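Please look over the model below before reading on. The numbered points pick out features worth checking by eye.

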Amino acid sequence: MNKVLNRMDLQSESNAIDQKVQDLLARMTLAEKIGQMNQQDATGDTVSADMAEAIRAGRLGSVINLSNAAVGNELQKIAVEESRLGIPLVAARDVIHGFKTIQPIPLGQAATWNPDLVQEGARVAALEARKNGIHWTFAPMIDISRDARWGRIAESFGEDPFLTTQMGVAMVMGFQGDDLSDNGSIAACAKHFAGYGASETGRDYNTTNIPENELRNVYLPPFKAAADAGVATFMASFSDIDGIPASANEFLFQQVLRGEWRYEGMTISDWDSIRQLSDHGLTDGDRDAAHQALIAGLDMEMAGDAYLNHIEGLIDEGLVSEHRIDQMVGNILRLKFQLGLFENPYTDPDDFEEYGNPAAMAVARQMADESLVLLKNDNAALPLDKQKLSDIAIIGPMADEPYEQLGTWIFDGDPDLSITPKSAIEALVGNSARLHYSRALECTRNCGWEDIDSAVLTAEKADVALLFLGEESILSGEAHSRANINLPGRQEELIQKVKATGTPIVAVIQAGRPLTLTNILDDCDAVLYAWHPGSMGGPAIADTLFGVRPPTGRLPVSFPRAVGQLPLYYNHKNTGRPATDDTVIAIDDIPIGSTQTSLGMTAFHLDAGYRPLFPFGFGLSYTEFEYANLTLDRPELTDGQTLTVTVDITNTGKRDGTEIAQLYVRDHVGSITRPIKELKGFQSVDVRAGETKTASFELKSEQLAFYRRNKSFGTEPGKFSVWVGPNADEGIELQFQLI
Ligand code: BGC
């Protein structure tokens, strides 16, 4: 009953807003409507005379990059009190993984496999951003990212559509809360629509080539889920897809988003991406570019003036109708009404808790804790026992870097809130062991002084060497792609030299992407992957190293052995000649003078095989888990039914631990070829040492649906496999039939 009433309330609220939008539109001049479609950069601590005049004249609907609430209020006052119709501005900012308090980069957040926590994190970020006068964030970024060279993989939730969907929807819910008009809510933005993650060779802004079945089955599902979850806005990608850059892509924005998905929110270009249609070679000048973006249906232009200068002319010539403009402006005004900006245009920072308040720091902390992935741990090198160690070496350029541990997209992040690994270890170890610190390299690259010799001396006198390595924040993120993704600079050499001392090595790697660790893995006793863990990265790392808590993170991306394996993802197609361990030949094993044959040959690289270095979903604990007794509640499933899958997980080690059990399926035969495995469920299970727990998953038949050969969405009968296991490469398998 309540649900019904709620739905009716929502409907009548939305009708009331629609009515207000129509009333307002009826009073607006064409110039004022075009002004609403214009978003400009408001960076700076003062209000420029030009911007003030544009707002007064109704030529500006939104600002991006607001510096603080005072400037925001000043701009808003001009909009509300001095423009003819008093329409408030909507202020946007990239709040990507926290605002002042920084949480792990989104790729690290995905490694938690904990959507509830990601939702909480977005809520905390929204509150801090709202205190600063921000109403709208350009997040979540839900581009499927299969290429670690691409700098923006850091902002993504990794390679998998299901995990990305869970995380993306969680973020939308966290930012937007129950009601967009709540003082602590900000509008979210699903970006970048669509396919940006497929930028060729991982080079940012590059062309993408994505066949429609791949687009619909891999790249679009997180966006569809975000639309269904009520994300307020969508942003166009910079990239070109099938010959049509996203900002002019009618298929994406009209056919799919508005037509098939019935999306009623607002859309925006990316930064200057409408004008860039001419750089792409799609349009000849700004007028043509504005025309094509209008046809595609981008409601607002970010940081450009193609709309401002050309819409009126396009209407005069009959190329665009004013009715079309009314619809687009209506979407913008609706967002402003939904955000409650007409009633509450101003921000009072005192309505909110302090930046870096305990709740914000606690979420940043928990997320950092859960994002750490233990990749290697030979001879139980970890956890460290502070009672048994007398000398510990802390070495490397990432041990004590309050700023660099924050990662990309932290315009407002406050490094003063950061606790570094070095200071957290000092606090945790206290007087129980001697700590010796050597930075060794000025930065992770070849950027300045180097003193590997002192690191060697430091390691020589220690029982264990903790090496803090990786990439500074600036090496990932937008326009920061790399062609070689080894540890940069002399870091590999640093490891080798420390290894030569005989002191055991624990490497802690902070980076914005998976790095190729092949060269260093054998030299390290343990490797803990920390991504860029944010403000509270230090205590999270220290507690994990010393066993205060076990590592629980799992990889949201496959780690390559060699950069030449990219793009790399577990849910690939089988090919006609799938690789197996028996068919792989290593380059050094080929006899000299061998004659060429393709007989028995399969899909692998002579110098990298076919497996990743670490598979998707992988992560060690301080204990071991065994999976047994996989059961399905039925051998056959029909459309509309749910399959219950259960499995026993036993903790066979000596410590308590948390396992993230993962459920994968394979559709063996399809009207189009299907991936060899697809993640369809996961759950976190706490299992005490020696204990067995039963995990139970519900697999709905509709989760087996896909875009078929005839382009319709649905299931196809036939044989399926289901696995439950600890990662994409391991697990117990059973089969069932969909009939
Ligand atoms: C990025 C977007 C971002 C926008 C605003 C662009 O360069 O591609 O993701 O939201 O700038 O800062």
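1. Start with alanine 479. Alanine 479 is partly exposed, at a relative accessible area of 44%. (Buried means under 20% relative accessible area, exposed over 50%, partly exposed in between, with a 1.4 Å probe and protein chains only.) Its place is the loop between β14 (464-470) and α18 (491-499). (Helices, H or I of at least four residues, and strands, E of at least two, are DSSP runs numbered from the N terminus.) Phi of alanine 479 is positive, about 60°, although the residue is not a glycine.

2. A word on the source. This is a predicted model, in which local features need pLDDT of at least 70 and side-chain atom pairs count only at pLDDT 80 or more, while totals for chains, interfaces and linings use all residues. Residues are numbered from 1 along each chain as its sequence is written, and side-chain values use heavy atoms, with hydrogens and water left out.

3. Asparagine 379 also has a positive phi, near 50°, and is not a glycine. Most residues other than glycine have a negative phi, and most peptide bonds are trans. Asparagine 379 sits in the loop between β11 (373-377) and β12 (391-395). Is asparagine 379 buried or exposed? Asparagine 379 counts as exposed, at 75% relative accessibility. From asparagine 379 to glycine 537 there are 158 residues in sequence and 26 Å in space, C-alpha to C-alpha.

4. Next, the peptide bonds. Alanine 139 and proline 140 are joined by a cis peptide bond, with omega about 5°. Proline 140 belongs to the loop between β4 (136-137) and α7 (161-176). Lysine 191 and histidine 192 are also joined by a cis peptide bond, with omega about 0°. Histidine 192 is part of strand β5 (residues 189-193).

5. Now the domains. The domain assignment gives domain 1 (30-38 + 89-351), domain 2 (39-87) and domain 3 (625-738). (Such bounds come from an automatic or database domain assignment.) The centres of domain 1 and domain 3, taken over C-alpha atoms, are 33 Å apart. Eleven residues of domain 1 are in contact with twelve residues of domain 3. (Contact means heavy atoms within 4.5 Å.)

6. How much area do domain 1 and domain 3 bury between them? The figure is about 1000 Å², 67% of it on carbon and sulfur atoms. In domain 1, Trp113, Phe162 and Asn217 lose the most area to domain 3, together 57% of what that side buries. (Buried area is the accessible area, with a 1.4 Å probe, that two parts lose on being put together, summed over both.) The rule finds one salt bridge across this interface of domain 1 and domain 3. (A salt bridge is a side-chain nitrogen of Lys or Arg within 4 Å of a carboxyl oxygen of Asp or Glu.)

7. Asparagine 38 is in strand β1 (residues 38-41). At 4% relative accessibility, asparagine 38 counts as buried. Beyond its neighbours within four places in sequence, asparagine 38 has contacts that include Arg59, Leu60, Met300 and Leu308.

8. On to charge pairs. By this rule, the count is 43 salt bridges. Aspartate 147 and arginine 149 form one, at 2.7 Å from N to O. Aspartate 147 is buried, at 5%, and arginine 149 is buried too, at 15%. Aspartate 378 pairs with lysine 376, the closest N and O atoms being 3.7 Å apart. Aspartate 378 is partly exposed, at 38%, whereas lysine 376 is buried, at 12%. Salt bridges that share partners join Glu212, Arg216, Glu260 and Lys711 into one network.

9. Lysine 711 and glutamate 212 meet in a salt bridge of 3.3 Å, N to O. Glutamate 260 forms a salt bridge with arginine 216, with the closest N and O atoms 2.9 Å apart. Glutamate 260 lies in helix α10 (residues 250-260) and arginine 216 in helix α8 (residues 212-219), so the pair ties together parts that are 44 residues apart in sequence. Glutamate 260 is partly exposed, at 36% relative accessibility, whereas arginine 216 is buried, at 6%.
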